[in-house]
Amino acid sequence: MESDMIQRSVDGITRRAPRKPEKPSLWERLQNLFNPRPPDDDEPQDWWFASTAIPLIAATTSPFANVMSIVALAMPWKSEIQPNQTDSDGNPIQKMLTDPRWCIGLNATSLAFGVIGNLFLLFNFTRTVRYIIALPASIILWSLATAILIGVTSSISIYAPPVPPNQTYSQAYWYAVIAAIQYFLLTTILMVNMLGYFLGHYPQYFALTDGQRTLILQTTALGIWLIVGAAIFQKVIGISVAEALYFCDVTILTLGFGDVTPKTPVARGLVLPYAVIGIIILGLVVGSINGIIRDLQDTNVMRKHIERKREVTIERSLMIEKTQKRLQLDPNTSQITYQPKHPRKAPVISKAAAFYRSAIGHPNVTAMKEEKDRFDAMRAIQHESVVFRRWYRLILNILAFLILWTCGAVVFWAMEKDFTYFESLYFGFCSLLTIGYGDFTPTTNAAKPFFVVWSLIAIPTMTSLISEMSNTIVAGFKHGTSRAADWTVLPHTGKYKSLFGKFPNILAYLERREENKRVSQGFPIGPGDVEGSRIREPPGLERPIRSMEELANDKNPSDSELAQQLAFAIRQTTRDAVNGHPKRYSYEEWVEFNRMIRFTDPNPEGTMLYEDEYGILNWDWIGETSPMLASQTEPEWVLDRLCESMIRYISTQAQKRNSGMTGAVDEDEPTLRKEKDINGQNEGL
């Protein structure tokens with residue numbers, strides 16, 4: 001009995017005692033840390049560099065790693081220089097030495113792993129193989145290729161090194177070293193991509209655009225074209241595969257050093273089509289790279305820059321509104337007792353709905369001026385962003401060019417014993433500009449493989465730099481010369497009149513002189529004949545821009561008149577949209593467009609709608625819905641809104657016609673029924 005009581009007491013104490021929380025297992029902690037997304041996930045992605053740039057870099061550079069590995073397998077890794085024997089160009093002949101069998105076998109294995117890893121990456125891009133299978137396969141295969149190449153090159157240098165002074169490593173050995181470095185870098189960046197997937201930053205597929213997929217195909221085609229050319233010119237010129245690859249690289253990049261040249265008629269004949277096709281492929285690659293870099297910069301840099309500027313403008317407008325409310329008017333002196341300081345001459349008004357509610361009926365000048373402040377603020381942000389975009393890209397390309405130029409010069413200085421650092425800089429600069437004098441060229445077995453890799457990266461970078469310079473410095477110089485030509489060689493109509501308009505006496509004298517001259521020649525004088533006046537266009541082609549006062553005092557036109565203006569506006573904006581130079585409309589033009597867009601609002605007196613089933617109705621100039629933030633040009637954006645308004649107008653008119661016909665039937669129905677009854681009675685009689 002006592003033992004039972006004791007047991008029950010112990011059980012009660014055990015039940016009442018708080019339990020210590022169990023520590024989560026390692027697997028549970030990993031599950032909480034890693035949260036991969038499902039394949040059909042469409043949520044927003046972050047880590048854009050890991051999700052987009054890394055797969056793109058891996059897919060565009062992996063073919064060149066395979067090319068380096070093929071060259072490393074195609075020829076021995078050691079050579080013996082014959083100082084007493086020279087070729088036709090005066091260079092010492094190198095006799096290739098046979099590699100050990102284990103070296104050739106391991107080298108071939110690493111090449112197979114590298115190619116298969118590249119295939120798995122391509123299958124991953126085309127979604128032929130699942131991401132969770134293809135990406136680890138590429139990482140494992142490239143890791144094995146890296147380990148094998150590192151082991152083989154280290155073993156050769158330890159157990160079978162070249163015997164100085166005549167024996168040395170051939171170009172194939174250095175191509176193997178470069179391939180090992182490339183495989184290692186590819187493995188590392190793909191592991192970063194997989195880490196982002198496991199952390200839940202993006203789903204298990206590569207979200208690449210059509211342009212990015214096209215770039216992958218273009219770089220693959222360039223790598224294939226280089227190795228095919230090396231195999232062909234090795235035979236027709238009688239040189240090694242490494243020398244042939246160097247010759248193909250120099251040919252496609254239009255360098256033309258002249259150290260390796262085609263000496264037979266067959267080789268010279270093959271150079272013509274090979275160079276043309278290679279230059280076309282290279283041009284496509286460079287153009288795609290520039291386009292993709294610009295898209296990535298616009299998406300991830302420029303939009304954030306514009307958003308920061310827009311937020312600062314909104315905060316400033318709110319601050320100005322608060323300070324304006326604190327202004328007090330002294331009734332005795334009729335003066336403002338407190339004047340706050342604000343950074344803008346014209347404050348930005350933060351109430352966007354004021355103009356839209358007034359624009360439904362009859363906008364007043366005050367509301368239009370307040371809305372114009374917002375318009376001018378966003379236009380200033382737009383102009384500043386364009387300048388920022390141009391100089392940001394230019395500075396970025398200059399930094400990339402300087403890094404590749406100076407660091408490449410250091411490597412050439414170390415590999416070429418006869419080069420000073422200044423001569424290496426000179427050689428690198430001439431190569432980047434594709435001048436190719438040929439007075440300095442890579443001669444050692446280590447310098448030529450490095451030059452092939454360096455040139456394929458540096459010369460497209462230089463091409464991109466020249467393109468950005470044309471968009472900034474050259475464009476500014478062209479604008480300056482055009483302005484000078486407007487006043488000197490090719491003066492535009494009205495230039496001098498606007499200048500002399502500041503001096504009324506001089507302008508009146510010139511106008512009287514022009515009138516007397518025209519009278520003496522027998523030409524009539526009218527308001528449309530004065531210099532600088534607007535030439536009257538046919539109705540609907542180009543309407544004169546009216547001021548805000550004219551727009552505010554304008555009577556409300558009827559729907560039929562607005563519909564006619566809408567048709568004319570669609571025709572004009574279509575011409576602006578197809579024009580080569582995108583047009584930016586003034587605020588007054590936007591007011592007229594807004595009137596033609598909003599007169600077809602199905603609920604003009606109700607709640608203000610920003611979007612209905614037929615399109616956009618309202619927007620805020622410094623808000624997220626601003627037309628200046630759209631990816632389209634202003635004429636294209638306006639044209640879409642005008643077409644939506646036309647669709648709304650046609651739909652409204654169709655509904656009115658249907659309702660009118662229904663009403664007419666309803667009105668006539670009693671009369672028809674009476675006539676039918678009378679006819680029935682007559683037939684009965």
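Over which residues does pLDDT stay under 50, with 0 contacts beyond four places in sequence? One such stretch is residues 13-17. Here pLDDT is the predictor's confidence in each residue, from 0 to 100. A contact means heavy atoms within 4.5 Å. Where pLDDT is low, the predicted coordinates should not be read in detail.

This is a predicted model, in which local features need pLDDT of at least 70, side-chain atom pairs count only at pLDDT 80 or more, and totals for chains, interfaces and linings use all residues. Residues are numbered from 1 along each chain as its sequence is written, and side-chain values use heavy atoms, leaving out hydrogens and water.

Start with the whole protein. It averages a pLDDT of 77, and 71% of the residues score at least 70. It has 20 helices and 7 strands. These are DSSP runs, numbered from the N terminus: helices are H or I with at least four residues, strands are E with at least two. Helix 10 (residues 353-360) has the lowest mean pLDDT, 44. Helix 8 (residues 241-252) has the highest, 95.

Now look at burial and surface. Of the 685 residues in the protein, 38% are buried. Buried means under 20% relative accessible area, exposed means over 50%, and partly exposed lies in between (1.4 Å probe, protein chains only). The accessible surface comes to about 39,700 Å². Carbon and sulfur atoms hold 61% of that surface. The areas come from the Shrake-Rupley method with a 1.4 Å probe; for residues, only the protein chains shown count as cover. Among contacts with a separation of 6 or more, 74% join residues 24 or more positions apart.

Next, find helix 8 and its partner helix 7 (residues 210-238). Their axes come within 8 Å and cross at roughly 120°. Axes are lines fitted to C-alpha atoms, for helices over the stretch in contact, and angles run from 0 to 180 degrees between N-to-C directions. Helix 7 and helix 8 are therefore oblique to each other. Angles under 35 degrees count as roughly parallel, over 145 as roughly antiparallel, 65 to 115 as roughly perpendicular, and the rest as oblique. The crossing of helix 7 and helix 8 is right-handed. A crossing is right-handed if the near helix is turned clockwise from the far one by less than a right angle, and left-handed if anticlockwise.

Which residues meet here? Helix 7 contributes L222, W225, L226, G229, A230, F233, Q234 and I237. Helix 8 contributes V241, A244, L245, F247, C248, D249 and I252. Pick out G229, which sits in helix 7. Its relative accessibility is 0%, so G229 counts as buried. Leaving out residues up to four places away in sequence, G229 touches C248 and Y274. From G229 to F247 the gap is 18 residues in sequence and 9.0 Å in space, C-alpha to C-alpha.

Helix 8 also meets helix 13 (447-471). The axes of helix 8 and helix 13 come within 10 Å and cross at roughly 30°. That makes helix 8 roughly parallel to helix 13. Their crossing is left-handed. E243, Y246, D249 and V250 of helix 8 make the contact with K448, F451, V452, S455 and L456 of helix 13.

Now turn to the backbone. Most residues other than glycine have a negative phi, and most peptide bonds are trans. T254 has a phi near 55°, a positive value in a residue other than glycine. T254 lies in the loop between helix 8 and helix 9 (265-325). At 41% relative accessible area, T254 is partly exposed. T434 also has a positive phi, about 55°, and is not a glycine. T434 is in the loop between helix 12 (421-432) and helix 13. Its relative accessibility is 27%, so T434 counts as partly exposed. The peptide bond from P164 to P165 is cis, with omega near 5°. P165 lies in the loop between helix 5 (131-159) and strand 3 (167-169).

Finish at E624, in the loop between strand 7 (615-616) and helix 20 (634-684). Is E624 buried or exposed? E624 counts as exposed because its relative accessibility is 67%. Leaving aside neighbours within four places in sequence, E624 is in contact with R310 and L629. E624 and R310 are 314 residues apart in sequence, and 9.1 Å apart in space, C-alpha to C-alpha.
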